Amino acid sequence: MFGAKSETAETPEQTAGSKPLGETATAGSTPSPVSAIGRGAKTIDVSDANLYYGDFHAVEDVTMKIEPNKVTALIGSSGCGKTTFLRSLNRMHELTPGGTVKGEIRLDGEDIYGRGIDPVEVRRLIGMVFQAPNPFPTMSIYDNVAAGLNLNAGRMKKPDKDAIVERSLRGAHLWEEVKDRLDKPGSGLSGGQQQRLCIARAIAVEPEVLLMDEPCSALDPVATLAIEDLIGELKNRFTIAIVTHNMQQAARASDITAFFNLEKSGTPGRLIEIGPTEKIFMKPDEKATEDYVSGRFG
Amino acid sequence: MPDGARTEYQEELAALEASALGGLDLVSAALGRTLEAVEHQDIELAQIVVADDDRIDGRYLEVHQALITLLATQSPVATDLRLISALLHVLKNIERMGDQCVNICKVIPLSGNEPPADEEMVQLILTMGKQTRTLISQAKRAFCERDVDMARDLVRQDDVVDNLNRECFRLALDIGDDADRREWAMTMLLAARAIERIGDNAVDIGEQVAYVVTGLFREFEDASHPGS
């Protein structure tokens with residue numbers, strides 16, 4: 001899954017019949033992102049994951065499954081390790097000095113930390129959207145979306161790239177707002193638009209999984225709800241895990257909720273409870289979960 | 001957020017619970033007066049019960065509104081959410097129980113000023129009423145103490161009321177051919193039926209106790225599928 005170049009080339013099957021970018025699509029002329037791609041999302045299986053920053057044991061013994069076509073929310077107070085855990089799922093944790101991972105993390109059975117696995121390819125298959133919208137400021141909207149394609153797919157014909165950029169922007173619910181100014185800088189967009197641009201950039205390379213680290217924390221409520229709607233749609237195509245401090249967001253936008261906690265400062269974070277979001281917010285098994293979701297501590 | 005956060009909200013929710021369940025004390029007092037009015041055919045006392053029902057209705061409206069405000073402003077979840085949901089149910093039960101007392105008090109004038117046609121039936125109704133007041137206080141205690149076993153026991157207690165109600169029915173059938181006596185018996189059956197419904201409402205409150213504690217709502221007994 002990770003190594004072979006031939007598999008990574010995302011030659012879009014939609015190329016045939018694709019139109020020049022910028023031409024307004026007529027109703028029915030654009031395949032929906034879901035039907036256009038038609039491939040299943042993948043499961044992430046984590047067993048006994050222990051994460052470290054040098055000597056510091058940040059996350060201890062996490063075993064959980066992140067299921068396909070579902071949104072899994074990771075909640076917990078600051079310092080509980082949920083973001084560290086998220087970053088271990090696409091091998092970004094090891095980019096932090098001293099960051100190491102023990103245990104197994106498998107994507108549809110394949111160990112992403114296995115021998116010979118290319119971390120760059122892992123990060124293509126498991127994309128990340130960050131807390132603050134971070135479009136490349138000097139790049140145009142078009143180039144922002146195409147940035148990952150240029151890195152991953154080598155030389156790609158312009159019409160193919162156009163098609164993917166349009167499809168990704170449509171998938172991120174941004175196309176109608178930017179189709180007439182694709183050559184303008186991404187930094188000229190509003191915060192919510194910038195975050196959707198980053199989502200478009202992430203999905204342009206056709207990942208299997210999307211990880212989101214507090215994707216709405218810098219956005220106003222309207223932009224937040226737009227992203228949540230988008231997440232609800234994207235789960236039809238991707239496996240999604242989202243770290244959020246906003247309990248209502250976890251309740252609204254996720255199917256599964258995982259609660260992380262640490263006993264006290266300096267001890268490793270642990271997975272306390274994971275279950276259907278409805279259960280976590282109605283009748284969690286653990287008192288710590290109950291106290292956290294009820295706002296009694298955290 | 002430090003430990004013990006949201007104390008104001010927690011205190012408000014606790015106060016609303018106390019206020020809602022305090023409605024059961026109002027109902028119990030109303031039922032006590034209702035029974036006294038039945039026993040003595042006291043129409044004036046019956047009228048007081050009818051007028052006093054505004055207090056129960058007022059409690060319902062006040063606490064109901066405050067709970068909705070908490071829902072809108074505090075985003076309660078987990079136990080808090082289950083508690084609020086249960087209290088909204090319980091308030092409705094309390095309001096219905098108060099209305100049943102009113103129903104009884106409204107039929108008392110219809111029973112006439114003559115002495116009771118059948119003393120045994122009056123005594124049955126008074127016994128039913130006392131038993132139902134026991135149910136009311138037990139429902140309140142089970143809720144306060146989150147005691148599911150005590151809540152479930154309400155079913156057993158309610159069976160006593162149901163049996164007394166059936167006994168009333170049997171007595172009414174046997175009351176004879178005299179038109180006045182029959183009319184009196186019909187009136188008393190309405191009263192017995194209303195008390196029996198108050199008992200059912202107490203059992204419903206017990207079901208809400210189980211919901212708050214377990215997160216599962218199950219009827220203790222399914223009237224449409226008895227024995228299932």
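Mentor: The expected span of a helix is 1.5 Å times one less than its number of residues. Please keep in mind that this is a predicted model.

Trainee: What span should α6 of chain B have, then?

Mentor: Helix α6(B) covers residues 179–214, and at 1.5 Å a residue its 36 residues should span 52 Å. The C-alpha atoms at its ends are 53 Å apart, which agrees.

Trainee: How do the axes of α3(B) and α6(B) cross?

Mentor: The axis of α3(B), residues 78–107, comes within 9 Å of that of α6(B), and the two cross at roughly 170 degrees. Angles over 145 count as roughly antiparallel, and α3(B) and α6(B) are therefore roughly antiparallel to each other.

Trainee: Which residues meet there?

Mentor: On the α3(B) side they include Leu83(B), Val90(B) and Met97(B), while those of α6(B) include Leu190(B), Ile198(B) and Ile205(B). By class, this contact has 13 nonpolar, 7 polar and 4 charged residues.

Trainee: How many residues of chain B are in contact with chain A?

Mentor: In chain B, 12 residues are in contact with 12 residues of chain A. The chain B side of that contact divides into 5 nonpolar, 3 polar and 4 charged residues.

Technical notes. Residues numbered from 1 in each chain as written. Chains lettered and ligands numbered in written order. Predicted model: local features only at pLDDT ≥ 70, side-chain atom pairs only at ≥ 80, totals over all residues. Helix = DSSP H or I, 4+ residues; strand = E, 2+ residues; numbered from the N terminus. Contact = placed C-beta atoms within 7 Å. Nonpolar A, V, L, I, M, F, W, Y, C, P; charged D, E, K, R; others polar. Axes fitted to C-alpha atoms, helices over the stretch in contact; angles between N-to-C directions. Parallel < 35°, antiparallel > 145°, perpendicular 65-115°, else oblique.
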